[in-house]
Amino acid sequence: MTTKNARELTEASVEARLAELLQQERFAPQEAFAAQAEITDPEIRARAAADPTAYWAEQAGRLRWSRAWDQVLDSSEAPFYRWFSGGTINVSDNCLDRHVEAGRGDKVAYHWHGEEGETRDITYAWLLERTARFAGALRELGVGKGDVVGIYLPMIPEVVVAMLACTRIGAVHNVVFGGFSAGSVAERMEVSGAKVLVTADGARRKGRTAPIKPSVDEHMGPEAVPSLQRVVVVRNTGIDVPMTDGRDVWFDEVLEAADAVDPEPMDAEAPLFILYSSGSTAKPKGILHTTGGYLTGASTTHRQVFDLHDDDVYFCSADVGWITGHSYIVYGPLANGVTSVMYEGAPDYPHKGIWWELCERRGVTKFYTAPTAIRACMKWGVEHVAPHDLSSLKLLGSVGEPINPKAWLWYWHVVGGERCPVVDTWWQTETGAIVITTLPGLDAAKPGSAGLPLPGYEVQVLDAEQGGVVEEGEGLLAIPRPWPSMLRTLYQDPDRYVSTYWDRFGPTTYFVGDSARRDADGYTWVIGRVDDVINVSGHRLSTAEVESAIVAHPAVAESAVVAKADDLTGQAIVAYVTLQGGTDASADVEAEINATIADRIGKLARPKRIVFTQDLPKTRSGKIMRRLLRDIAEERDLGDTTTLADPSVVDQLQQRWQQG
């Protein structure tokens with residue numbers, strides 16, 4: 001597709017421009033954007049800091065409550081904090097009913113697109129009707145307040161219906177990413193005591209249909225998940241699947257037979273959902289979020305960070321199976337009455353410009369994706385972006401891991417046309433909502449830095465040894481004050497909750513688990529997980545910093561850096577590097593990369609070994625599995641690789657490692 005507003009972009013012109021931009025440290029909001037931005041008052045953070053409970057009460061007041069709260073924050077049992085105690089609220093009512101009652105039922109909630117060209121426009125009225133009836137169906141299947149409902153679905157509108165139906169009757173949903181194996185789903189259903197599972201007959205991925213229901217049957221029998229009583233199956237692909245009498249029912253049939261139910265007022269602290277994090281060593285952590293505080297945080301940050309207006313069309317490329325999908329595909333956007341794009345498919349199918357085609361077709365104004373995806377787009381080349389008219393875009397967002405400056409600048413220049421602010425957001429499954437970023441109409445952005453705490457939050461960098469506040473320099477990231485969307489506990493494991501997050505600095509300071517640096521302007525530079533810091537002969541080097549130096553070389557598309565045990569230096573750096581198309585791996589290229597690292601960081605940061613590869617091991621959500629890269633470098637058993645988008649990648653990497 002070529003349009004009159006397509007841009008003239010070539011790899012040479014982009015590289016030349018990036019070389020110029022890499023010399024620029026700050027990017028202030030453009031006047032045109034700032035003029036229409038919701039937040040431009042530089043005192044907003046100071047006012048929120050002066051009375052944070054009053055600030056969060058004001059934000060919560062934008063929602064519709066069945067009963068007002070008695071107390072904004074109850075810290076009497078810290079670190080088991082309670083927000084908006086005594087208040088009652090329903091999430092589906094705030095996401096659907098109040099918009100329909102206001103006459104906005106015909107507004108599109110989701111422009112849904114399937115990877116084979118299917119499309120559905122889902123209105124708020126349609127979502128309300130389906131949600132209310134499926135909530136009734138869940139009740140008829142025996143689901144009540146506090147019961148856990150598992151959801152294992154592709155990125156289809158029914159996943160939103162299932163989530164909201166749970167919130168309507170007070171059930172606790174446990175969504176599992178569709179890219180996980182059925183065995184992983186069974187583990188999460190078993191430990192959470194799920195009563196009902198909502199799944200699909202199959203899912204499409206890159207032109208193929210993968211059967212889901214047969215895998216569910218294989219792994220979720222009565223012995224594996226004794227709590228599971230019913231399985232609801234969405235007819236997604238139309239393939240034949242086995243159905244067990246007395247247990248399995250079709251989604252459309254129970255929906256048709258059910259009566260709609262009204263939203264149930266829920267205590268602000270009633271459990272809303274469990275989301276299991278992918279712990280690197282220990283068993284997955286069941287992170288529990290509650291109702292009133294979570295919705296306050298998700299809706300407030302979505303509105304502020306993405307500078308929402310009524311005519312915006314918002315596109316988050318994440319999957320609902322992750323916290324980004326919960327907060328910024330479902331709950332934040334729907335609470336704010338936004339029109340979103342939902343895409344079921346890979347970013348490179350049916351072609352590598354599909355995201356930009358959808359942005360052009362739907363007039364997307366706000367786009368939110370991950371650094372891994374941005375780097376993949378860089379690798380694929382500007383020819384997949386240039387033909388598309390992206391003039392509707394007004395803001396770009398980044399989420400999931402620190403973004404290196406070169407990728408930030410490519411995103412800003414190639415996708416955003418140098419007119420769209422980039423909000424690089426830092427947060428976690430545990431925080432429930434964005435904590436650190438730049439307010440797009442107010443703050444200057446620094447490529448590579450997450451920015452400043454949002455209003456209402458306090459963030460500190462603490463000395464790793466003494467725990468004192470580091471005003472400028474490196475230390476451990478911590479949040480010394482509670483916030484509404486914080487996790488309340490680890491499901492059925494309160495002792496682990498305390499030991500994981502609150503033992504390091506005490507019961508009032510949340511230990512993030514990330515290293516970070518605070519600069520002279522108060523900006524936070526997230527270095528990475530504490531275990532992503534490499535100690536080479538006493539020098540602490542962040543993997544993100546080394547990766548940024550490597551990808552600064554014009555021939556490099558993507559890099560992942562890990563530590564390897566070394567008898568001489570304690571730890572040594574190993575870099576896995578993919579090159580831009582048309583560049584072959586050679587000793588000369590390796591020498592140039594090492595020279596770039598030496599120039600940007602120092603000779604001590606040069607990898608002991610560089611492994612050139614066509615691809616890196618990634619999950620279907622695009623996250624690089626650095627654990628596998630460490631295992632390859634240490635020549636350990638790799639274990640389960642079934643959640644990878646392409647498991648053959650690790651086999652190829654092992655062969656290359658062994659070849660030396």
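Visitor: Which residue in β28 is the bridge partner of R518?

Guide: T524 is the bridge partner of R518 in β28. This is a predicted model: local features need pLDDT of at least 70, side-chain atom pairs count only at pLDDT 80 or more, and totals for chains, interfaces and linings use all residues. Residues are numbered from 1 along each chain as its sequence is written, and side-chain values use heavy atoms, with hydrogens and water left out.

Visitor: How many bridges join β27 to β28?

Guide: Five, and the strands run antiparallel. β27 covers residues 510–518. Two strands pair if DSSP finds at least two bridges between them. Strands (E, at least two residues) and helices (H or I, at least four) are DSSP runs, numbered from the N terminus.

Visitor: What about the hairpin's phi at G522?

Guide: G522 takes a positive phi near 85°. The hairpin has five residues between the strands.

Visitor: Why is β28 largely enclosed?

Guide: Five of its six residues, 524–529, are buried, so β28 is largely enclosed by the rest of the structure. Buried means under 20% relative accessible area, exposed over 50%, partly exposed in between (1.4 Å probe, protein chains only).

Visitor: Switching to helices. How many residues of α15 are buried?

Guide: Ten of the eleven, so α15 is largely enclosed by the rest of the structure. Among the buried residues are W408, W410 and W412. Just after α15, G417 takes a positive phi of about 60°.

Visitor: At what angle do α1 and α15 cross?

Guide: Roughly 120°, with the axes of α1 (11–21) and α15 (405–415) coming within 10 Å. That makes α1 oblique to α15. Axes are lines fitted to C-alpha atoms, for helices over the stretch in contact, and angles run from 0 to 180 degrees between N-to-C directions. Under 35 degrees counts as roughly parallel, over 145 as roughly antiparallel, 65 to 115 as roughly perpendicular and the rest as oblique.

Visitor: Which residues meet there?

Guide: V14, E15, R17, L18 and L21 in α1 meet K406, L409, W410, W412, H413 and V414 in α15. Contact means heavy atoms within 4.5 Å.

Visitor: New topic. What is the strand order in the open sheet of three?

Guide: β1-β4-β14, with antiparallel pairing. The edge strands are β1 (65–67) and β14 (266–267), and each pairs on one side only.

Visitor: How many bridges join β1 to β4?

Guide: Two. In β4 (residues 88–89), T88 is the bridge partner of R67.
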